[in-house]
Amino acid sequence: MAYPKKKFAKLYDKYVEKIYRFVFLKVSSQEEAQDLTSQVFTKGWRKFRKGEKIDNPSAYLYQIARAEIANHHREKARFQTVQATADQLIDPNPGLEEKSKLDSDVAAVKNCLAKLNNEYQDVLVWKYIDGYSNKEIAQMMEKPEGTVRVMVHRALKELRGKLAD
Amino acid sequence: MEERQLIKKIKTLKQIKPNKDWVLFTKKEILEEGKGEQVMSWLFTPFNRPALVVRPLIAGVLILAGVFVYLYLGALTPQLAQLPFVSDKRAETEMMKASLGEIQVSLAEISLSLNNLKNSRNPSQALAVTGVVKATAKGGERVISGVKDSLPKGVYASLIDGFDEVYEKSDNLGEELLEFCINSLKQISLSEEDQVRLRKAEEDYNEIIIMNLYNKYFNEN
């Protein structure tokens, strides 16, 4: 493959924010999200560098991310330690008061989202945050498009219930 | 809540973004993988978790080692005092003070990083790192003891307290990691020969723990 580094750099630029956010919503700190995200791209790069074909890069990266997150939670459960959770959620561009409100809104949605099952979390993130179509989500999840549509509907309903509690 | 409002709330999560410096740094690091950094790679990314623990810990140890070398050279006054670069006593004292400050900061950083080392994905390598940290600290303590008389009052005691904290944390973490490794090995199926080895390792470990408790008890009383 010609210029694999350049091509992978483009993939990285395109997906790093999405993958980071996807991971961050499922772990408890920025450090964990950074470590797992870098793992995802390191694995992707190793495969890419060997010249192995990746048909659908986003699906591939999300697949690694899901596996890494699952491993991370397994390891964490085996070797539980106390850790700080007072992470800053968003960049401090707005004023302090505004930022604190944004932080609390984001944190509330993040917490409720985390209470949904993994697949519901994934479809909501992909559909409403990353902007993927049902068809693209169906490809990533290897499920029929109709199933994804139903999942989105149910996930929204469940999230609404959690936010109202 | 209307669906539109709900979707708007979900979209607030778009504000979650990675730190730009981290994004650039990680990109560079990933794309340069395999470009001759293998020699020290286990040391800098031993658990494949570059952002979490290891860099601050290793950086702390390296700073500490550098400062010890400086102090050790400073202690060889008869020969080195003849050289122009150490002949200015005042500058030397200032540098000594700065170095002592750096040692205290490094010890505090190492101590903090040891707390986080528990999160390592690879306990057996984490165990090896606790050994490296302890050995470096031991070497440092020997150098500090060699220049004890030239140190300001109270500074020596405070540095020794810092070293003691690092030893204690390394030991406790080492024990915790070792127990974890033994318990993990018990969960997997081993050959008979390996089972015997594991039992022997566990017995030796328990013996060491009992010996340590025994020594601690008699030292304290």
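In the predicted model, chain A contains seven helices and zero strands. Read along the sequence, its secondary structure follows the pattern α-α-α-α-α-α-α. Of the 165 residues in chain A, 47% are buried. Among the contacts in this chain with a separation of 6 or more, 63% are accounted for by residues 24 or more positions apart.

Helix H1 of chain A covers residues 4–24, a run of 21 residues. From its first C-alpha to its last, this helix reaches 28 Å, close to the 30 Å expected at 1.5 Å a residue.

Helix H3 of chain A, residues 57–78, includes A:Arg66. The relative accessibility of A:Arg66 is 29%, so this residue counts as partly exposed. Setting aside residues up to four places away in sequence, A:Arg66 touches A:Phe22, A:Glu119, A:Asp122, A:Trp126, A:Met140 and A:Met141. With regard to one of these partners, A:Asp122, the separation from A:Arg66 is 56 residues in sequence and 9.5 Å in space, C-alpha to C-alpha.

Two further helices of chain A, H6 (residues 134–141) and H7 (residues 145–164), have axes that come within 8 Å and cross at roughly 105°. Angles of 65 to 115 degrees count as roughly perpendicular, and H6(A) and H7(A) are therefore roughly perpendicular to each other. On the H6(A) side, the contact is made by A:Asn134, A:Lys135, A:Ile137, A:Ala138 and A:Met141. The H7(A) side contributes A:Glu145, A:Val148, A:Arg149, A:Met151 and A:Val152. By class, the residues of this contact comprise six nonpolar, one polar and three charged.

A:Asn134, found in helix H6 of chain A, takes part in this contact. The residue has a relative accessible area of 13%, and because buried means under 20%, A:Asn134 is classed as buried. Apart from neighbours within four places in sequence, A:Asn134 is in contact with A:Lys127, A:Glu145, A:Val148, A:Arg149 and A:Val152.

The loop between H6 and H7 of chain A holds A:Glu142. With a relative accessible area of 75%, A:Glu142 is exposed, whereas A:Asn134 is buried. Most residues other than glycine have a negative phi. In A:Glu142, however, phi is near 55°, a positive value in a residue other than glycine.

Helix H7 of chain A also packs against a helix of chain B, namely H1(B), residues 3–11. The axes of H7(A) and H1(B) lie 11 Å apart, at an angle of about 80°. This angle again falls in the range of 65 to 115 degrees, and H7(A) and H1(B) are therefore roughly perpendicular to each other. From H7(A), the residues that meet chain B in this contact are A:Leu156, A:Leu159, A:Arg160 and A:Leu163. Their counterparts in H1(B) are B:Glu3, B:Leu6, B:Ile7, B:Lys9 and B:Ile10. The residues of the contact between H7(A) and H1(B) divide into six nonpolar, no polar and three charged.

Terms used:
Residues are numbered from 1 along each chain as its sequence is written. Chains are lettered from A and ligands numbered from 1 in the order in which they are written. This is a predicted model: local features need pLDDT of at least 70, side-chain atom pairs count only at pLDDT 80 or more; totals for chains, interfaces and linings use all residues. Side-chain values use heavy atoms; hydrogens and water are left out. Axes are lines fitted to C-alpha atoms, for helices over the stretch in contact, and angles run from 0 to 180 degrees between N-to-C directions. Helices (H or I, at least four residues) and strands (E, at least two) are DSSP runs, numbered from the N terminus. Angles under 35 degrees count as roughly parallel, over 145 as roughly antiparallel, 65 to 115 as roughly perpendicular and the rest as oblique. Contact means heavy atoms within 4.5 Å. Ala, Val, Leu, Ile, Met, Phe, Trp, Tyr, Cys and Pro count as nonpolar, Asp, Glu, Lys and Arg as charged, and the others, Gly among them, as polar. The expected span of a helix is 1.5 Å times one less than its number of residues. Buried means under 20% relative accessible area, exposed over 50%, partly exposed in between (1.4 Å probe, protein chains only).
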